[in-house]
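Here is a short report on one protein model. It covers cavities, a sheet, salt bridges and a few single residues.

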Amino acid sequence: MAQNTIGTIFKITTFGESHGAALGCVIDGCPAGIPIDLGEVQRELDRRRPGAQFAGKPNAAVTSRTEADAAEALSGIFDGVSEGTPIALVIRNTAQHSKDYANLARTFRPGHADYGYFAKYGVRDYRGGGRSSGRETAARVAAGAVAKQVLRALSGGKVTITAYTERAAGISIEKVDFSEIERNALRAADCAAAEKMAARIDAYRRDKDSCGGIVACRITGVPAGIGEPVFGKLDAELAKAILSIGATKGIEFGAGFTAADSTGSENNDAMRVADDGSVAFGSNHAGGIIGGIANGADIFFRVAVKPVPSIFRAQKTVSVTEHGLADSDLVIEGRHDVCLCPRIVPVIEAMAAIVLADLFLQQRASRA
């Protein structure tokens, strides 16, 4: 299997499967001398981990699989500082229930990558999806936590990356208050809307179904000039990173698809010189990126997250038999999320941080 690495200078390689011994990442290209707090890595993993409760109560949206997701640093960090050598982080799997997947050894789950893996490799790890499992994102979050610390050092603490649930189970937020994101189970920027989302998600759970949503992300403090044309455009690199997350099905920057129905006079962001001599924009339909290069405005994008494919209803599918493929019916067992939005929020932040850390380092070589 190729393509397990992302990045040009700041490179991330992830490894491991859902029901294997462990998952992890190797970070290559991290400059030496950057403070790395493993406690911060753990806090990010705790935001993503399964089995999490909110306010002491089970979260209707997430799987009941309980993993500590404790990160171990194997190399690259000495006395709390990056050495400039590869940083290896590992996360042990401790709560696999592989028996829950015995009925999937020869049967493909609708909406999952099972058939694609079988068609490509002729073999697949059916226990939780193996490498295609959403559990792979734990390694991304660990790497992203390091990337955030690299960005902090490279930007002087100016860059912030904040993702949040904008819509879930068909219910949208009515305001954006970053202070409320970690105060509700959905990681929505609106606690009142989050309560409505949670109620509907619980109804889907009781009905043995699932739902999707939209996660938004706002990045502040990125200076104008970040991004590498022509094939390393900032929005292209972010899109590749975000769409590499298994459950994502679409991304839009700024005005996004609504720009298709606007005019140039409406969509262009008017420019003026600010009091400090920088360029100021009257609007941000571009989402902070023009020509693949950051323009200094906030970077803003939205991500479409599909419904969780593991539902507990009977589904029509195909199985592998000794005579070839045959039609069959399947009822999925095990422990699964109902809505991925709250757990995918830290993953989106992690992937954005990885891309930006890499592009900040590339920017160093762009001019004298």
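## Cavities

The count comes to 2 cavities of 30 Å³ or more. A cavity here is a set of points on a 1 Å grid over the protein atoms alone, where a 1.4 Å probe fits but cannot get out; lining residues have an atom within 4 Å of a point. Volume is the space filled by probe spheres set on the points, with grid points joined across faces, edges and corners.

This is a predicted model, in which local features need pLDDT of at least 70 and side-chain atom pairs count only at pLDDT 80 or more, while totals for chains, interfaces and linings use all residues. Residues are numbered from 1 along each chain as its sequence is written, and side-chain values use heavy atoms, leaving out hydrogens and water.

The largest cavity holds about 50 Å³ of space. Its lining is Ile6, Gly7, Glu237, Ile354, Val355, Asp358, Leu359 and Gln362. Helix α7 (residues 341-363) gives the largest share of that lining, 5 residues. Helices (H or I, at least four residues) and strands (E, at least two) are DSSP runs, numbered from the N terminus. By type, the lining of the largest cavity divides into 4 nonpolar, 2 polar and 2 charged residues. Ala, Val, Leu, Ile, Met, Phe, Trp, Tyr, Cys and Pro count as nonpolar; Asp, Glu, Lys and Arg count as charged; the others, Gly among them, count as polar.

The second largest cavity holds about 40 Å³. Ala113, Asp114, Tyr117, Arg124, Asp125, Gly129 and Ser132 line the second largest cavity. That lining divides into 2 nonpolar, 2 polar and 3 charged residues.

## Salt bridges

Side chains of opposite charge can pair when their charged atoms come close. The structure holds 23 salt bridges. Each is a side-chain nitrogen of Lys or Arg within 4 Å of a carboxyl oxygen of Asp or Glu.

| Pair | N to O distance |
|---|---|
| Asp114 and Arg109 | 2.8 Å |
| Asp202 and Arg206 | 3.2 Å |
| Asp209 and Arg313 | 3.6 Å |

Asp202 and Arg206 are 4 residues apart in helix α4 (residues 191-206), so about one helical turn separates them. Asp202 is partly exposed at 22%, whereas Arg206 is exposed at 56%.

Asp209 lies in the loop between α4 and β12 (213-220), and Arg313 in the loop between β18 and β19 (315-321), so this pair ties together parts 104 residues apart in sequence. Asp209 is partly exposed at 23%, and Arg313 is partly exposed at 34%. Elsewhere, salt bridges that share partners join Glu44, Arg47, Lys148, Glu182, Arg187 and Glu349 into one network.

## An open sheet

An open sheet is formed by 5 strands in the order β11-β10-β12-β18-β13, with antiparallel pairing. β11 (171-172) and β13 (248-253) stand at the edges with a single partner strand each, so one side of each has no neighbour in the sheet. Strands count as paired if DSSP finds at least two bridges between them. β13 and β18 (residues 299-305) are joined by 5 bridges. In this pairing, Ile251 stands opposite Val303 in β18.

## Two single residues

Ser155 is in helix α3 (residues 137-155) and is buried at 11%. Gly282 lies in the loop between β15 (279-281) and β16 (289-290) and is exposed at 70%.

Methods. On a 1 Å grid over the protein atoms alone, a cavity is a set of points where a 1.4 Å probe fits but cannot get out, and a pocket is an open set with protein on both sides within 12 Å along at least five of seven lines; lining residues have an atom within 4 Å of a point. Buried means under 20% relative accessible area, exposed over 50%, partly exposed in between (1.4 Å probe, protein chains only).
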